[in-house]
Amino acid sequence: MFQNYLKIALRNLWKNKPYLFINLLGLSVAFGVSTLLILTAYDQLTFDTFHTQNGPVYRVYEKVVRAESVEYGNSMPLPMAPSLKADMPDVKHIARVLDGGAQILKDGKLINQGIVYTDPDYFKVFGFKLLKGNANSVLGELSNVVLREDVAEKLFGNEDPMGKTIILSYGAQNHSYIVSGIVEKGPDNQSVENDVLVRIENYSDYADQKDRWDASQHQLYLKLHDNVAQATFERKLKAFTKKYELGAIKQLIKEGAKPDERGEVLSTRVMNLPEAYFDNNVGGRRSINRLYPIMLLVIAGVILLIATINFINLSIAKSFARAKEVGMRKALGALKEQVIGQFWGEALLICVLAFGLGLLLTYLLLPQYNAMFKSVLTLSALTKPTIALSLLAAFGVVALLAGGYPAWAVARFNTIEVLKGKVKVSSRSGGIRNTLIVFQFTMAVLLMACTIIVWTQMRYLRQKPLGFDVAQVYSVPVGSEIEGRKMLQFFRTRLANQPRILSMTGSDFNLGRGKDGSAGKSVLGFQMGDRSIQTNMRTGDYDYVKTLGLKLIAGREFSPEYATDTTQAVIINETMAKQLNVKDPIGVTLNTDGNPKVIGVVKDFHFESLHRGIESMTVFMKGFGVFYIFVKIAPDHTDETIALLEKTYNEIAPKSEFNGSFLDENLENQYQREQRLSKMFFSGATLAIILSCLGLFAIALMVIGQRTKEIGIRKALGASVFSITALLSKDFLKMVLVAIVLASPLAWWAMDKWLADFAYRTPIHWWVFVVTAILAVMIALLTVSFQAIRAALMNPTRSLRTE
């Protein structure tokens, strides 16, 4: 019997090749695209879980409740880790992690490479596997260095690097290290760097800051003993914070800070590492809103559901052509279950073929998908139990819905009516059909509206004035071969007579994210009378204001005419000036190292991404050194000017790699995940619309086919082609309008949640929904009108003979 059903199924599918092609195309594309989206969502939802395979890993952060705001800090002071280890027996392992930049000397050339300053417990806290070396002693000496496997291969090829010496250049000095271990690269969906690992005591400012609680610069991670709960540990941290930061707590209370729900104004807390990835306050620049991967799963589900609905509608539309076959089988004694089994078997066969083609499509599209969305997905993730079960569950739901309902509807045909050729769709079936169409277009309109809102936000980010010049300023990472200020002076001397070089300055941090991938911040805290001050620190140099195009609203900028500027002068922004709470900040002496004086105030500008509001900033000439040179160039002959900068750099630092980039490019790189989401929304919306139109076309074909005789009579009585087309299109347009009404508030709610991740956001304009509605109506009208006009143009005599 099974063999007979299989033969009939294959014969029927081959006989109706157009329907087979449409069903296979829709379902296979839906399966393939949904698989890619599920892989992406899984990659994000499991971010940093790699490190928790042997128990929870916690990231330490601070919460500060001020009188006017609540602030979170994920950079910790250097003495915190040893103090926690000494005072808190619940701490099993703890590791400070400070990312930096260095260069490795190889064959007379300096290779740019990230460096991580950390503690010996690093390999006991994180999940990285040591390929060579012992976790207990691999960072036992200050001269030890652990290399990531790809870095070791780049430096030593097939040679065994263990015990060999490498030269690391940072802080304008060369340092010799002995390779004591090789560590695996680890997965891409984790946040902890492990390129080149050395002891944190080798950090250039360690000696000056190892006992300072007012200077924060590194991340802190720990593991607790197995019997210690997070909540219990955080309660104990309250006494720890009071012990070491009592002065800061008293100052906050004096300034009017109100205790939070835990009764604290300054608290030290911990958060599970995977959770920190979804918390913008704790996770830092790499964190994302959890809504991102959830939205990808929603898009994947929507695409699959739309394809399933198409399958259902196409199957029902085609079932009327086989009504007499069903009637004859039932008249000859076929049971209802046998009819359902036959039709469901055909649907299951299509689903299996589509699922296989979808996986093949995933394999073929994966390289292009990774390139387009800057992902690093691999098919090996398909073997993960969660992914495999999700895909099988999706296949089961599609097979159940796509095959089950049409088979059940066909099996309910009345045998006598069918054999008389009077098969009709019941009002209940019509209601289900209309509901499916409304759902399809609701999802398509939802994705269209979200796509437009994401596009408007991206446009807003690109066009919003940032308060400084981004167009013609070129950023050049200094590297480690030459000390930064010397490099800046060499640049000034060699390029002094170049008319296309308008000005230049130096800084310790880049603006945006350049080709070297480096980003960071440094925060300084100190007391000014009865006020506690917290400000971002930046290093600057002569022409800092001029080169970046900042607006000076009081005082002056750094100048070689004032000898004391190099050691005792700072420029602050408006927000910092408000913190000082003085009528005229010019000349105010700051109560911090060197007692620098304020010589200038610049208008607030966005030195961080627009995810964050503008914070207090202080620019020191005597800071952490110059690691980037900003050059303002003339707009003409840009390529020649950049070539000149590269040539000059290579002459000064012949062993180093030139990695210059424009500031506008750097700033654009800050919004890669938003650009990625925008592309995904656009792709998903386009696919959803195409699949919805395919389903609408199938329904129009079915409904118009049932009204052929009515159309013939109306034409015979003088009805015009336009009136018939309008009559046939009206009901479909009503359903699309209902979909628009349902989708618009859903889109507003979802996008309002997404936009909450930005400190600066575009409003959700009313015209977004008007444009979406017009597009949806036009697309639906074009889809239905094709069949409607075709039916209206049919010869009435032929139409009347059809039934």
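K63, D260, E261 and R269 are joined in a network of salt bridges, a salt bridge being a side-chain nitrogen of Lys or Arg within 4 Å of a carboxyl oxygen of Asp or Glu. In total, the structure holds 25 salt bridges. This is a predicted model, in which local features need pLDDT of at least 70 and side-chain atom pairs count only at pLDDT 80 or more, while totals for chains, interfaces and linings use all residues. Residues are numbered from 1 along each chain as its sequence is written, and side-chain values use heavy atoms, with hydrogens and water left out.

**Salt bridge between D87 and K243**

- The side chains of D87 and K243 form a salt bridge, with an N to O distance of 2.9 Å.
- This pair links distant parts of the chain, 156 residues apart: D87 belongs to helix 3 (residues 80–87) and K243 to helix 7 (residues 230–254). Helices (H or I, at least four residues) are DSSP runs, numbered from the N terminus.
- D87 is partly exposed, its relative accessible area being 28%, whereas K243 counts as exposed at 56% relative accessibility. Here buried means under 20% relative accessible area, exposed means over 50%, and partly exposed lies in between (1.4 Å probe, protein chains only).

**Salt bridge between R290 and E275**

- R290 and E275 meet through their side chains in a salt bridge of 2.7 Å, N to O.
- R290 lies in the loop between helix 9 (280–283) and helix 10 (291–319), and E275 lies in helix 8 (residues 273–276), so the pair ties together parts that are 15 residues apart in sequence.
- R290 counts as partly exposed at 32% relative accessibility, and E275 is partly exposed with a relative accessible area of 39%.

**Salt bridge between E201 and R199**

- E201 forms a salt bridge with R199, and their closest N and O atoms are 3.1 Å apart.
- R199 counts as buried at 12% relative accessibility, while E201 is partly exposed, with a relative accessible area of 27%.

Key
Helices (H or I, at least four residues) and strands (E, at least two) are DSSP runs, numbered from the N terminus.
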